[in-house]
Amino acid sequence: MSKGEEILGLFPDYFRGMWNKVMERADSLQEIRLRASGPVMLLLDQRECFLTGAGEITCHPQRALHIGRKELDGIMNHICRYSVYAFEEELRQGFLTVPGGHRIGVAGQVVTDEGGIVRKLKHISYLNIRIAHEVLGAADAVMPFLYHRGRFLSGMIISPPGCGKTTMLRDIVRQVSDGNPHGRGQCVGVVDERSEIAGSYMGVAQNTVGIRTDILDGCPKAAGMMMLIRSMSPQVVAVDEIGSMEDVHALQQVLQCGSSLIVTVHGNSMEEVRKKAYMKELLQRKEFRRFIVLTRRAGKCAVEGIFDEDYRLCSGF
């Protein structure tokens with residue numbers, strides 16, 4: 001099934017006709033945002049635009065199609081196969097993943113219990129359909145620097161939002177798992193807390209993550225890392241968006257168990273990440289041997305540099 005067909009399948013039959021021109025650009029489509037009584041917004045090649053009632057793409061919000069609560073409810077019911085209750089657990093997390101690895105972010109009225117724990121989400125009024133784009137080979141340029149004499153070196157990808165860190169992480173996982181010119185295939189354990197790496201649907205990866213990869217989908221990172229170590233004996237553990245001391249303590253335990261790591265961290269530079277309080281102890285140990293720093297140049301994602309454990313630019317990059 002093509003990407004365009006996967007995306008069209010998210011909408012009820014009566015709502016599909018107006019999407020033909022958008023689907024011609026499916027490979028450039030990144031987001032579809034739907035809001036009750038709001039305009040239908042698109043993100044195409046990092047540029048915001050709108051869908052008209054005639055199915056045209058426009059940059060003028062005043063020409064945009066507005067959808068109502070009835071239409072939004074119809075789309076949500078269709079996505080959930082007319083059993084929203086069956087997806088209640090996923091919706092509590094604020095998103096659900098659909099075939100193809102696409103992710104539907106949701107927002108609306110939150111119902112909590114006495115302890116402030118989210119019980120469910122109702123009156124869903126906002127949808128953000130994030131289109132999954134695999135880029136096989138996205139990590140080709142960095143793979144030679146992640147190995148030393150055939151041994152995978154623990155690495156950290158540093159990137160501001162929207163610069164492709166998860167795309168690169170996914171491709172590193174695939175290449176480490178399948179094997180590549182720099183090292184033989186290894187068992188990789190992925191803790192996919194937000195279903196963005198493997199894009200799992202009903203527990204099955206929709207993205208290509210390699211033949212030796214095991215995935216814990218929708219699991220908190222710190223708990224998931226320990227579960228994988230105990231149950232799957234991974235040689236490499238991969239997690240996205242480290243962001244707390246709890247995550248760091250779990251990383252340290254993984255390293256003590258002899259597994260390597262490949263992780264991502266939000267940051268605009270190496271210096272910014274080094275100043276994060278929860279990262280200082282981890283970095284002082286010099287367990288991470290490679291730091292891949294991503295940036296955006298002229299509107300495109302690029303590798304700014306690859307650094308070693310002493311923060312020196314790796315030779316040849």
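These legends describe close-up views of one predicted chain.

The model is predicted, so local features need pLDDT of at least 70 and side-chain atom pairs count only at pLDDT 80 or more, while totals for chains, interfaces and linings use all residues. Residues are numbered from 1 along each chain as its sequence is written, and side-chain values use heavy atoms, with hydrogens and water left out.

View 1. Helices (H or I, at least four residues) and strands (E, at least two) are DSSP runs, numbered from the N terminus. The C-alpha trace spans about 60 × 50 × 35 Å along its principal axes. Buried residues make up 49% of the 317; buried means under 20% relative accessible area (1.4 Å probe, protein chains only). Among contacts with a separation of 6 or more, 59% join residues 24 or more positions apart. Contact means heavy atoms within 4.5 Å.

**View 2. The largest pocket has a volume of about 1,200 Å³.** Its lining counts 39 residues, and Q30, Q46, G162, G164 and T167 are the closest to its centre. A pocket is an open set of points on a 1 Å grid over the protein atoms alone, with protein on both sides within 12 Å along at least five of seven lines; a cavity is a set where a 1.4 Å probe fits but cannot get out; lining residues have an atom within 4 Å of a point. Grid points are joined across faces, edges and corners, and a volume is the space filled by probe spheres set on the points. β1 (29-35), α5 (165-178), β15 (290-297) and β16 (300-307) each supply at least two lining residues. The largest share, five residues, comes from α5. By class, the lining has 14 nonpolar, 13 polar and twelve charged residues. Ala, Val, Leu, Ile, Met, Phe, Trp, Tyr, Cys and Pro count as nonpolar, Asp, Glu, Lys and Arg as charged, and the others, Gly among them, as polar.

**View 3. The second largest pocket has a volume of about 300 Å³.** It is lined by 17 residues, with E90, Q93, F95, D217 and G218 nearest its centre. α4 (88-92) and β5 (95-97) each supply at least two of the lining residues. Six lining residues are nonpolar, five polar and six charged.

**View 4. The structure holds one cavity of 30 Å³ or more.** The lining consists of E134, V135, L136, T167, R170, D171, R174 and T208. Two of these are nonpolar, two polar and four charged.

**View 5. Helix α3 (residues 69-79) buries L72, G74, I75, M76 and I79.** These buried residues pack against β1, α4, β5, β6 (103-112) and β7 (118-130). R81 follows the helix with a positive phi, near 55°.

**View 6. L34 lies in strand β1.** L34 counts as buried, at 0% relative accessibility. Leaving aside neighbours within four places in sequence, L34 is in contact with F11, V40, I67, L72, I75, S125, Y126, L127 and I129. L34 and L72 are 38 residues apart along the chain, yet their C-alpha atoms are separated by 7.5 Å.

Terms used. Buried means under 20% relative accessible area, exposed over 50%, partly exposed in between (1.4 Å probe, protein chains only).
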